[in-house]
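Colleague: I am new to this protein and would like to go through it with you. Could we begin with its overall layout?

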Amino acid sequence: MAQKDLKFTPGTLIVAKGSVVAFPNLDRVRHSIYSFSRIARFEIDLYGREQTRAQKFDIAGAAALGCNIHDAMRGYVRVVETPFAAKTDANGLVQIAGIPTGSAVMTVWHPRLRGPANEMRASVSLNGDFSRKIGIRLR
Ligand SMILES: [Cu+2]
């Protein structure tokens, strides 16, 4: 997840539990990174252009990232324990292939979703092609 034009890019990154995420600074200014989130509490001191820092994420859930210098900078690392996870596109659509048939629990997460841990869960029965339209409420 890069820092570019005073933004975390991409704004939300999905990674597998245990992943190490690199945070290259592509801006001319220095950035720091902090997270007070339950799954990852850390603080990375200011570092400059073309430098990279990294952080390991060992617990599933969501980490909200900020920069001490630029208050508007927000980034999210969503750590998952399943290979069947993906980010929606600009239209809110996502397609995940190869999920085994049977019953499953589908989790929808958004940093501003109203609900415990900003998540919504639904039990689904997967049997061949499955598609579901879901509306979520944001705060
Ligand atoms: Cu910054």
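Colleague: How far apart do the C-alpha centres of domain 1 and domain 2 lie?

Modeller: Please keep in mind that this is a predicted model. The domain assignment gives domain 1 as residues 2–80 and domain 2 as residues 84–139. Taking the C-alpha centres of domain 1 and domain 2, the separation comes to 24 Å.

Colleague: Which elements give two or more residues to the side of domain 1 that touches domain 2?

Modeller: Between the domains, 8 residues of domain 1 are in contact with 7 residues of domain 2. By class, the touching side of domain 1 has 5 nonpolar, 2 polar and 1 charged residues. The elements that give two or more residues to this side are β3 (12–16), β8 and β9.

Colleague: How many helices and how many strands does the protein have?

Modeller: Read along the sequence, the pattern is β-β-β-β-β-β-β-β-β-β-β, and the C-alpha trace spans about 50 × 30 × 25 Å along its principal axes. The count for the protein is therefore, with helices and strands taken as DSSP runs, 0 helices and 11 strands.

Colleague: Leaving aside neighbours within four places in sequence, which residues are in contact with leucine 65?

Modeller: Leucine 65 is listed among the core residues with the most contacts inside the core. With its neighbours within four places set aside, the contacts of leucine 65 are Phe8, Ile33, Ser35, Arg74, Gly75, Tyr76 and Val77.

Notes:
Residues are numbered from 1 along each chain as its sequence is written. This is a predicted model: local features need pLDDT of at least 70, side-chain atom pairs count only at pLDDT 80 or more; totals for chains, interfaces and linings use all residues. Helices (H or I, at least four residues) and strands (E, at least two) are DSSP runs, numbered from the N terminus. A nonpolar core is a set of buried Ala, Val, Leu, Ile, Met, Phe, Trp, Tyr and Cys residues joined through C-beta atoms within 7 Å. A residue is buried if 20 or more other C-beta atoms lie within 10 Å of its own, exposed if 12 or fewer, and partly exposed in between; C-beta atoms are placed from the backbone. Two residues are in contact if their C-beta atoms, placed from the backbone, lie within 7 Å. Domain bounds come from an automatic or database domain assignment. Ala, Val, Leu, Ile, Met, Phe, Trp, Tyr, Cys and Pro count as nonpolar, Asp, Glu, Lys and Arg as charged, and the others, Gly among them, as polar.
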